[in-house]
Amino acid sequence: MSNARRLAPKAPRALPIALAGALAVLLGSIVPALDGAMEREAQPERVTQAIALPPPPAATAANTPRNDWQTVRIASGQTLGSVFADLGLPASTMHRVLEVPEASQMATRLRVGSELAFEIGADGELKGLRFDQDESKRVQLAVSEDAIEREVIERPMERRVVIAGGTIRSSLFADGAKAGLSAAVMNDMVKALQYDIDFAQDLREGDAFQIVYEELWREGERLRDGGVVAVNFINQGKPYTAVRFEHNGQQEFFDLDGRPLRKSFMRTPIEFARLSSGFGARRHPILGRMRMHKGVDYAAPTGTPIFAAGDARVKFAGWQNGYGRTVILDHGNGITTLYAHMSRLGSYRVGQRVQQGRTIGYVGTSGLSSGPHLHYEFRVNGVHRNPLTVTMPKPEPLTGTALAEYRRATAPALAQLKRIEGFQLAAR
Ligand SMILES: [Zn+2]
């Protein structure tokens, strides 16, 4: 059967230019959001938008005999000093400009591609300078002989919520691009669902997804995508729903019942590694005797990052006999994890808090070890358990007022998803 074909996601990459045409392939087509101020029709055209600074001199020269505005886009190797020099402006003028706090801030943030607009008088002197302070603020300087006046122009950003969806035909990112979704949005979706769906193994042709996400607009122009608000993914016939909600100051994804999708523990605290030795009795590879193997081993090249399996406090970081360079994390509730034979410890010190997924060290072969690998132990109340089979504690669901607030805040996004005909949300 063709639907048994295995589809691997491709690495995120730049989207093809001709997205506008590809939008026709959209499953549900982009529909405007329902909630509040977002009722305007979402524009299907997607234009890569450069910062709209003043029009180039050619466009205005004909009917404006006054001063010319020149837009300069910073090229590789260019500095503010070299730009001033190229325009025939003296360094003393630049130093006057740099006394304006916004200008000196701009100078330190100047990057390749940054744009500046210079107004230069017939006498060759600088009369004005315009630049963007950030996405929503533009600064304009009026330069005269004795003073520099500064004006900050607010350019309010607007968040629009849109929904798009697609069906997996070739690869996750290609089909996302066909649906008009950027790699950033697709990555966000993968992150939201990574604990439920193994995107490297589980995808099948015919899987379908709907994503409610934000777009950031300014002055009628689409700037870029914001984050994913909600997603529904049908994987091998089974629906998975993730809804974003801010809880304890952090944006997290929850299922329909308000249970966090993020698990308390990662099953495998290392990426791209092969399980080379399981848990239990075995002949020790170096000592040659039968011994209990109190953890699991993952073979991986020296230097491969090792992750904290769950949120924790660092209990130990240093050298232990046999284990070599070792980190022990205390996760509370009597659970500790141990990571041994590192080539190098991470930057966390004893007593520090570390978040799940942060790098705490790097694979090596220090201590009593036959080759580069991670030796990983999971202990509950001091007793070694098999990390591959131990029942991991479930994260706490939202309750009480937090749950009520979650239901209220996420209702519009869920209504969006429910509008898609024939699309079922995960009911758990
Ligand atoms: Zn081991």
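This is a predicted model: local features need pLDDT of at least 70, side-chain atom pairs count only at pLDDT 80 or more; totals for chains, interfaces and linings use all residues.
Residues are numbered from 1 along each chain as its sequence is written, and side-chain values use heavy atoms, with hydrogens and water left out.

Some overall numbers. Of the 428 residues, 44% are buried, where buried is under 20% relative accessible area, exposed is over 50% and partly exposed is in between, with a 1.4 Å probe and protein chains only. Looking at contacts (heavy atoms within 4.5 Å) with a separation of 6 or more, 64% are between residues 24 or more positions apart.

Now the metal. Which residues hold the zinc ion? H293 through NE2, D297 through OD and H375 through ND1, at 1.9 to 2.2 Å. A donor here is an N, O or S atom within 2.8 Å of the metal (3.2 Å for Na, K and Ca), and water is not among the atoms, so sites may look incomplete. Along the chain, the donor spacing reads H-x3-D-x77-H. H293 sits in strand β14 (residues 290-293) and H375 in strand β23 (residues 373-380), so the two histidines tie together parts that are 82 residues apart in sequence. H293 is buried at 3% relative accessible area, and H375 counts as buried too, at 7%.

Keep β23 in mind, as we move to its partner. Strand β19 (residues 335-342) has eight of its eight residues buried, so the rest of the structure largely encloses it. β19 runs antiparallel to β23, with six bridges joining them; for pairing, DSSP has to find at least two bridges between two strands. β18 and β19 make a hairpin with four residues between them, and G332 in the turn has a positive phi of about 80 degrees.

Last stop, the open sheet. Five strands line up as β2-β3-β4-β5-β6, with antiparallel pairing. At the edges are β2 (68-73) and β6, each pairing on one side only. The twist averages 20 degrees from one strand to the next. Inside the sheet, β3 and β4 pair over five bridges, with F118 opposite L129 in β4.

Helix α5 packs on this sheet, touching β3, β4, β5 and β6, and its direction makes about 65 degrees with that of β4; axes are lines fitted to C-alpha atoms, for helices over the stretch in contact, and angles run from 0 to 180 degrees between N-to-C directions.

So which residues of α5 (residues 101-108) are buried? E102, A103 and M106. They cover an arc of only 100 degrees around the axis, which puts them on the same side of α5; the arc is that of the directions from the helix axis to the C-beta atoms. Their cover includes α4 (91-97) as well as β3 (115-120) and β4 (126-134). On the face turned away from that buried side, you'll find the exposed P101 and T108.
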